[in-house]
Each structure stands twice: as C-alpha cells, then as structure tokens.
Amino acid sequence: MVFIFYLQKNIQVMKQFQYIVFIGQIILFLLPLIGTAQISEEETVKKTIELFFEGFHQKDAQILTQTTDSSFSLNSVGNRDGKVVATQTSGNAFVKAVISREDIPSWNEKLLSFNIKIDGPLAHAWVGYEFWLGDTFSHCGVNSIHLMKQSNAWKIINITDSRRRADCH
C-alpha cells in the first residue's frame, strides 16, 4: 500500500515536472519573437535612410521626396575660419542642389555605422559617415537623422550633420 502511494506521488510529481518543462519550452520558443518587432522597426528605419542616400547618389528626386516628409530640412554644423557655424537648407533647396549638381566629380557619402533609437512614431539615427568627391576624400562626421512614422512608413524630417576634415579614422 505504501508502495502504491509512493508511486502515485512520483507520477504526480513527474506530471508537474513535465508541465513545467513544457511551459519552459514554449517560453524559450517565443522569447526570440518578443524583440523582433523592435528589431524589424530598426531595420525599416535603416532601410529608409539607405534608400534616401541611394537617391542622393543617383540624383533621384523621386526617391529623395519619397523618403522625406514635406517639412524635411538639412542642417550642418562645422568649423569655418576657427568658428563653429550652423547652416540650414530647406528640403526643396536640398533636392534641387542634389539633382542639378554636375556628374563629375561624383558624390559618395559612405555610411559607416548606425545607432538607431525608436519611441513610438519617432526615430533617431546617429550615422557615422565619410564624404568623397570622386576618389578624393572631402570630410567626415555624423548624420543625426530624425524620422517620423506616417501611414506605416518612416519619413526623414531632419538631418543635422557635423563636418570635419581631421580625426576621421
């Protein structure tokens, strides 16, 4: 009789153990999926930025306007004659300058690194870059890019870049 009670107790413990193992397996299976939404949003932001720069390199006004909001502006912060200066360019003026530039030398902005943060419909990307005119290095810096999500698409609302010629590598 004691043996049967002992056996029943062990079967009950085994069932509880199997249940716990089963729940653990479900959690381990679902755990990678929890972070996927944020990762895919970061990838979408990165793809928007990369597409913008494809349009920039190809002098394609359609891509540039497709990836930016109508309020888009470009700001630059740099050092001129020993003074830090900031310049602002409207989105329309920027697109016009890009598409009307000469083909030679080509403009090549090499995006080196991405640090993307997202809070709801607002995203910020800190993107290191080097800028080349043809085969000649021009300057480097960081693009501080703000985007907002509209109708399930990320749109660039502002790029503020730093520009320097030293300490680039």
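Q: What counts as buried or exposed here?
A: Buried means under 20% relative accessible area, exposed over 50%, and partly exposed in between, with a 1.4 Å probe and protein chains only. This is a predicted model: local features need pLDDT of at least 70, side-chain atom pairs count only at pLDDT 80 or more, and totals for chains, interfaces and linings use all residues. Residues are numbered from 1 along each chain as its sequence is written, and side-chain values use heavy atoms, without hydrogens and water.

Q: Is S73 buried or exposed?
A: Buried, because its relative accessibility is 12%.

Q: What does the S73 side chain pair up with in a polar contact?
A: The side chain of N158, at 3.0 Å. A polar contact is a pair of N or O atoms within 3.5 Å; within protein, one must be able to donate a hydrogen and the other to accept it, and residues adjacent in sequence count only if both atoms are side-chain atoms.

Q: New topic. How many aromatic pairs are there?
A: The structure holds 10. Phe, Tyr and Trp rings (for Trp, the six-membered one) pair if their centres lie within 6.5 Å; planes under 30 degrees apart are stacked, over 60 edge-to-face, the rest tilted. F52 and F53 make an edge-to-face pair, 5.1 Å centre to centre with 85° between the planes.

Q: Are F52 and F53 buried or exposed?
A: F52 is buried at 2% relative accessible area. F53 is buried too, at 5%.

Q: Which residues form the aromatic cluster?
A: F52, F53, F56, F72, F94, W107 and F131.
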